[in-house]
Amino acid sequence: KALTAQGVPVISPESLLLASSPKVNFLIHLLYFALHPTDLAVGFEILNYLAPQNENKHEFIHAHLEGIPELLIREYSYDPVSMEGLSVYEGCIHAIKKFNMAENGSAYISFFLDEVLSVEKTKGAGIETFLTHWESKKTSLGIPSPEGLNALTIMTVHKAKGLEFPIVIYPFANSRIYDDIKPKIWVPATEQVFDPLSHIMLNKNSSLALYPEAIRNAYEEEQCRLELDSFNVLYVALTRAIHGLYVLANKEVTKDGKASQKTYNGLFINYLMQQAKWDDTKLQYDFGNLVPFEEVSDPISETEISFTYSQHEHGPRNTIVDSDMIWESGQQK
């Protein structure tokens, strides 16, 4: 949100989720409203989308919350009851037209309708069927991330594995190398009192290093695994850049000027100390030269594919079915 507010074009899994689109969410709430016309929470979301984006928004919602069907019929010629006689796809097309939701084109709406059609072909055309599917899939349904665009791509280090980018910014490089959430560890049972158990589970903490050798070895082996995983993640983060890498990390040193050996930023500081480059008053360090490079991609195009309405918004449905799409499905019959 901060980057978008600064006018920086951003591509991220979250921004490309269908559920992040206000238009898609509006269609979903219309479907819910068709099933539950007295649900004030759903009605609020519908009015929140339609309300003017100014100081009168609260008054608009308050004035119409108890009379949403009348408002929709009067202002938009849209009757929520009409959803009941249509398939989900036809109902969404009808709503898109009545609320002028495709004036400038919308990739989110197009991909959403693709999902609606897919559900209709495999599970049925009922509203409840689709909404059940939506609730289980809305955190993963999205638009495929376009490649070759002049935009900032936000992703996790794990997602970046195997990829490369002209410039990489690695923020928050302060991870703990041995970080684990409420860790447990299986260790050999060294006392006969535990027979016939060969292993027991203990809380994992540094005190295990003081236990008998078998337990101490299990603890140290687990620490080595954490260390290896952390270094692998750090390696990926630091090797994705082609032309330039920016690492943003907190400056954290003790009162006697030492840095932790258990955090990424501590490793960076220790490296600077070993290279005799560390200056306690300095906050930025540069290595190498940032060579200008030519853009190899086009900036994000403002052109969008126009939305095409179904030729059969009402009346008999003319459906063309590809036999391969329904093979071994309930619709084959």
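How close do the axes of H3 and H5 come, and at what angle do they cross? Keep that in mind while you get your bearings.

**Before you click**

This is a predicted model, where local features need pLDDT of at least 70 and side-chain atom pairs count only at pLDDT 80 or more, while totals for chains, interfaces and linings use all residues. Residues are numbered from 1 along each chain as its sequence is written, and side-chain values use heavy atoms, with hydrogens and water left out.

Start with the whole protein in cartoon view: there are 12 helices and 6 strands. These are DSSP runs numbered from the N terminus (helices are H or I, at least four residues; strands are E, at least two). Of the 333 residues, 28% count as buried, meaning under 20% relative accessible area with a 1.4 Å probe, protein chains only.

**Stop 1: H3 against H5**

Select H3 (40-50) and H5 (68-76). Their axes come within 11 Å and cross at roughly 30°; the axes are lines fitted to C-alpha atoms over the stretch in contact, with angles from 0 to 180 degrees between N-to-C directions. The two helices are therefore roughly parallel (angles under 35 degrees count as such). Now show side chains: Gly43, Leu47 and Leu50 of H3 meet Ile68, Leu71, Leu72 and Tyr76 of H5, with contact meaning heavy atoms within 4.5 Å. That makes 6 nonpolar residues, 1 polar and no charged; Ala, Val, Leu, Ile, Met, Phe, Trp, Tyr, Cys and Pro count as nonpolar, Asp, Glu, Lys and Arg as charged, and the others, Gly among them, as polar.

**Stop 2: the largest core**

Next, pick Leu31, Phe99, Phe112 and Phe130, which have the most contacts inside the largest nonpolar core, a set of 43 residues. Such a core is made of buried Ala, Val, Leu, Ile, Met, Phe, Trp, Tyr and Cys residues joined through side-chain atoms within 4.5 Å. Helices giving two or more residues to this core include H2 (22-35), H7 (107-122) and H8 (127-137). H2 gives the most, with 8 residues.

Zoom in on Phe112: not counting residues up to four places away in sequence, Phe112 touches Leu18, Val24, Leu27, Ile28, Cys92, Phe130 and Trp134. Apart from this core lies another, of 7 residues, among them Val187, Ile200, Ala218 and Tyr219.

**Stop 3: Ser230**

Finally, go to helix H10 (residues 213-238) and select Ser230. Buried or exposed? At 10% relative accessibility, Ser230 counts as buried. Beyond its neighbours within four places in sequence, Ser230 is in contact with Arg176, Ile177 and Tyr264.

How values were computed. Buried means under 20% relative accessible area, exposed over 50%, partly exposed in between (1.4 Å probe, protein chains only). Angles under 35 degrees count as roughly parallel, over 145 as roughly antiparallel, 65 to 115 as roughly perpendicular and the rest as oblique.
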